[in-house]
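Visitor: I have a model open and would like to talk through how its chains meet. Could you walk me through it?

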Amino acid sequence: MVPCTGRVEEVVMMKAFENGADGVMVVGCLEGDCHFLEGNLRARRRVERVAALLTDAGIGGERIRMFNLSAGEGSKFAAYAEEMDQHIKKLGPSPINIVRGTPQPVASQGERT
Amino acid sequence: MIVGNAKPLAEILQMIESHQKIIIAGCHGCVTVCRAGGEKEVQILASALRLAREAVKNPLEIREVSLERQCDPEYLETMRPYAGDYQAVVSIGCGAGVQFLAEHFAALPIYPGINTNFIGVTERQGEWAERCQACGDCMLHLTGGICPIARCSKSILHGPCGGSVDGHCEIDKDVPCGWQLIIDRLRALNMMDSYEKLRPMKSWRTSRDGGPRRIVREDLTR
Amino acid sequence: MKAGSNLEKVLAAGHFAVTAECGPPRGADPEQVRKKTPFLKGFIDACNVTDNQTSVVRMSSLAGSMILAENGIEPLMQMVTRDRNRIALQSDVLGASALGVRNLLCLSGDHQTFGDDPEAKNVHDIDSIQLLDLVRMMRDEGKFPSGKELKGAPKLFLGCAVNPFADPYDIRVPRLALKVAAGADFVQTQCIYNIDKFERYMADLRQRGLHEKVAVLAGVTPLKSAGMAKFMKRNVAGMDIPDEVIKRISSVGKKEQPQLGIDMCIELIERLKGVEGVRGVHVMAIEWEEKVEEIVSKAGLLPRP
């Protein structure tokens with residue numbers, strides 16, 4: 001947990017992929033609503049930079065996305081998480097996990113029906 | 001400061017293709033300030049290289065190092081105890097740092113991880129611009145503190161040329177005309193009377209044209 | 001006489017001089033130069049031969065100059081400081097003079113970003129004003145800048161270019177004064193369309209007494225079309241084409257525009273003839289050399305002395 005997406009360094013996002021993440025979503029406050037003025041805007045630019053690096057590294061820049069919502073929008077958060085989950089499932093496991101032979105999670109009950 | 005920027009990842013990957021164990025060496029000097037070769041950039045580059053190599057089943061082991069300065073021998077020497085355990089070094093210091101590493105570690109291939117661009121300033125966050133060409137014979141006292149060698153696209157000593165329009169250079173509307181800047185300054189400083197002085201041809205001997213340069217300060221050498 | 005060129009003689013005799021311009025071809029075929037000569041011979045006093053203008057590689061200005069000379073046209077060789085250092089510049093000055101070139105125009109040259117080879121190194125060892133000073137010294141003092149004596153001084157009538165329409169305006173006359181002090185015998189101007197601004201420039205120039213020290217040849221370029229006018233206004237740095245000029249050339253149909261362009265050019269020359277200090281015109285009919293005779297003739301400047 002960090003107090004602001006402005007504190008999320010590029011290397012933290014990169015490490016998530018090294019540690020086996022298939023996708024990363026960075027969720028910040030609404031643009032224009034940053035308690036620290038422009039932390040979330042900075043985060044967006046960092047996400048863009050990491051996306052470019054991931055593309056260059058052959059991992060795929062589309063595996064990282066930034067979302068913005070306010071603290072009270074629980075249902076919106078759930079919707080974004082669902083959207084990201086679908087997006088990454090469509091992309092499949094990251095090349096790193098394929099190389100490592102990481103077992104893929106079994107689809108949940110809900111998805112089977 | 002000396003300003004540099006990252007080389008494309010693909011270019012670095014190609015340089016280190018045959019190695020499995022490398023050092024990435026950053027520098028706490030100029031390239032840290034211009035966000036090209038400091039500690040953070042070492043971490044990011046290392047992570048990207050590891051990911052890229054693992055994805056093609058050719059994993060890479062990286063030691064991440066940030067030296068105080070790559071242009072002074074005592075800091076380079078801190079790498080001595082472990083340098084021999086690695087097959088190569090990617091330096092993201094400036095061109096001077098890369099070369100000095102190569103001189104000090106004769107048995108190790110040293111690769112440049114950034115391009116070294118110019119001597120410049122931070123005009124605003126994330127934006128750097130050239131100010132000095134290190135010609136070795138400063139004439140800023142004659143030109144209102146603005147260098148015609150570095151700031152004029154043709155380095156002319158009697159400007160501006162006929163391509164100066166609305167304060168910008170003929171090569172690009174985003175490039176300010178160096179001579180317009182000089183004249184604005186000279187005028188503000190009430191120094192325009194020196195404008196009509198014919199300047200002799202500049203000696204470039206003190207610049208790179210005279211061959212690689214060296215300064216020896218007898219009072220400081222031992 | 002400093003160099004004894006035809007242009008120098010025409011000006012010395014007090015005639016209103018006429019020069020034109022010929023860009024060497026993008027290839028090694030001398031015919032491309034020769035075929036332009038019938039359009040120029042007898043109608044002008046000297047012809048500029050450009051030196052890789054806009055940084056586009058062309059046959060060298062010295063070679064182009066020699067082909068003109070062989071065909072009875074006096075060359076006015078242009079030389080830019082963009083591509084050669086002082087060693088090559090001095091050497092080419094000597095070579096040009098040895099081959100009979102008697103007029104030299106000293107320029108810094110368009111930046112190489114405009115041409116075919118934007119990746120080329122830009123030399124600019126010296127600037128155009130220092131080149132004037134260098135050649136003047138070689139000619140008048142018979143010395144190299146190193147102080148060593150020349151075995152045979154080059155004979156060159158020295159020119160420079162000015163753009164009265166570039167910024168900042170108030171530096172334009174002082175900068176010409178620098179060029180005159182460095183050795184300019186004559187000056188050719190950027191093409192004039194804004195005659196009011198040019199007249200103001202000439203008034204400022206006269207106030208400094210420069211019209212008595214340097215022969216001003218006013219630059220003119222006939223417009224081929226309204227499109228050309230708009231293109232130049234938009235894309236050529238330091239080109240001042242007033243809206244009235246564009247309006248006038250646009251006032252007739254496309255077919256009539258070339259003739260109107262010629263007529264406007266002739267009118268302009270008539271007006272320039274009356275400007276004190278203007279001692280000739282430099283007709284830059286870009287890839288339109290066949291119109292030089294008509295322009296010069298209708299402007300009442302034929303026959304040439």
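Visitor: How many salt bridges does the rule find across the interface of chain C and chain B?

Guide: This is a predicted model, where local features need pLDDT of at least 70, side-chain atom pairs count only at pLDDT 80 or more, and totals for chains, interfaces and linings use all residues. Residues are numbered from 1 along each chain as its sequence is written, chains are lettered from A in the order in which they are written, and side-chain values use heavy atoms, leaving out hydrogens and water. A salt bridge here is a side-chain nitrogen of Lys or Arg within 4 Å of a carboxyl oxygen of Asp or Glu. One of them pairs Asp170(C) with Arg187(B) at 3.1 Å, N to O, and for this interface the rule gives 2.

Visitor: Which helix gives the largest share of the side of chain C that touches chain B?

Guide: Happy to look! Helices are DSSP runs (H or I, at least four residues), numbered from the N terminus. Both α5 (128–141) and α6 (172–182) of chain C supply at least two residues to that side. The largest share, 6 residues, belongs to α6(C).

Visitor: What area is buried between chain C and chain B?

Guide: Buried area is the accessible area (1.4 Å probe) that two parts lose on being put together, summed over both. Carbon and sulfur atoms give 55% of it here. Gln130(C), Asp167(C) and Leu178(C) supply 21% of what chain C buries against chain B, more than any other three residues. The total comes to about 2,500 Å².
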